Amino acid sequence: AAMKQTKGLEGDKKSIIKFEFNPKVGIDNPALSLAEDTDDEGMGEPRFYLLSKGSAETFGFCLHEELGCQGHIVRQVELGGLAQRRGLQDGDRLLQVNGHFVDDMDHCRVVQKIKASGNHVLLAVLDGDSYKAAKALGRDLSEMLPADIRPRLCHIVQDRNGFGFSVSGPEGMKGTFQLSVQQGGPAERAGVLPGSWLLELNGASVRSYSQAQLTKKLKQSGSKVTLLVASSAVEEFYRLRGLQVTVAMADTSWLPFKARELHLVKGPAGYGFLLKEDDCISGATGQFLWDVDAGLPAQQAGMKEGDRLLAVNGENIEGLDHHQTVLRIRAHDEQVTLLVIDPAGDRFYHSVG
């Protein structure tokens, strides 16, 4: 503890030195010169890390909320672990998860976001000293980050004129495809921006495809196709940092498949549904909602038979067994909020990974 304390003091001393007033910079407007003096000098840039792990591994760090410290703090960076190998450091503050700004978010929600990301997560962090300096200057940290770094996942349903996009790529070069988008056509309506680069087709990377292979795969798609696309700015962002874009980071707001949040208030006859354990499409075990009683709270909230349960009161339950899940639902006597997905949506997300 004593060691920790002195470490803390050293850190403080450092940041105090940073804010010392520099009399050389004109006394007329001390506020102005103070701001100029400390504005960006010695202030680090946000760093971006893509962590990709196996399903049995961990990312190799913990996220702390600490008394008297602001922000989500990176701690317990495992020696030789994934986070350390990528360059994450003890004391870093987490600013973004998969392109979502999280500094102003509730700690549990941020941890939840990382867990929900699966085996790939893109983190933006700022070193502890720069973070404290930025906060002391009243900086808006979200302004230090690029506005949009998320690729888009778009599901296109053909109309009688086709999908409404065409693909071009440099002659004889594999895996590089840019999209021209027809105005008002299905692709544009599905959220594909003109000039986007194609990264995945129906959940598979196009990096090794020739133009002919891509055309063949598009034909095999039938009347529906799912594309992972990135605008030129987003594509450049990843390329300059040597990062690979994965579907985990995608903006899914354009998709017709959505998880639904149901808020249930218990009636005299209970909630009016049963929970059943069964196999998911992925082969893992999941919790499903059945026997939804007509006219009772579950049905009134929009629950449908066969919905799969994803989260209870904002906590991910995937991986929990039946008994643990029931305990979570019963934790608050009179009400519960459930996140569910219907079978069609479940199949879709599984198909695109």
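Mentor: Start with pLDDT, the predictor's confidence in each residue, from 0 to 100. This is a predicted model, where local features need pLDDT of at least 70, side-chain atom pairs count only at pLDDT 80 or more, and totals for chains, interfaces and linings use all residues. Residues are numbered from 1 along each chain as its sequence is written, and side-chain values use heavy atoms, with hydrogens and water left out.
Trainee: What is the mean pLDDT of the chain?
Mentor: The mean is 88. Of the residues, 88% reach 70 or more.
Trainee: Where does pLDDT stay under 50?
Mentor: Over residues 1–38. The model has 18 contacts (heavy atoms within 4.5 Å) beyond four places in sequence for that stretch.
Trainee: Switching to α5. Which of its residues are buried?
Mentor: G128, S130, Y131, A133 and A134, in a helix spanning residues 128–136. Buried means under 20% relative accessible area, exposed over 50%, partly exposed in between (1.4 Å probe, protein chains only). Helices (H or I, at least four residues) and strands (E, at least two) are DSSP runs, numbered from the N terminus.
Trainee: And what covers those buried residues?
Mentor: The cover includes β4 (93–97) and β6 (120–126).
Trainee: Which residue caps the N-terminal end of α5?
Mentor: D127. One of its side-chain oxygens lies 3.3 Å from the backbone nitrogen of D129.
Trainee: What follows α5?
Mentor: G138, with a positive phi near 70°.
Trainee: New topic: K113. Which helix is that in?
Mentor: Helix α4, residues 107–116. K113 is partly exposed, at 23% relative accessible area.
Trainee: Which residues does K113 touch?
Mentor: Leaving out residues up to four places away in sequence, K113 touches V97, H100, V102 and M105.

Terms used:
A polar contact is a pair of N or O atoms within 3.5 Å; within protein, one must be able to donate a hydrogen and the other to accept it, and residues adjacent in sequence count only if both atoms are side-chain atoms.
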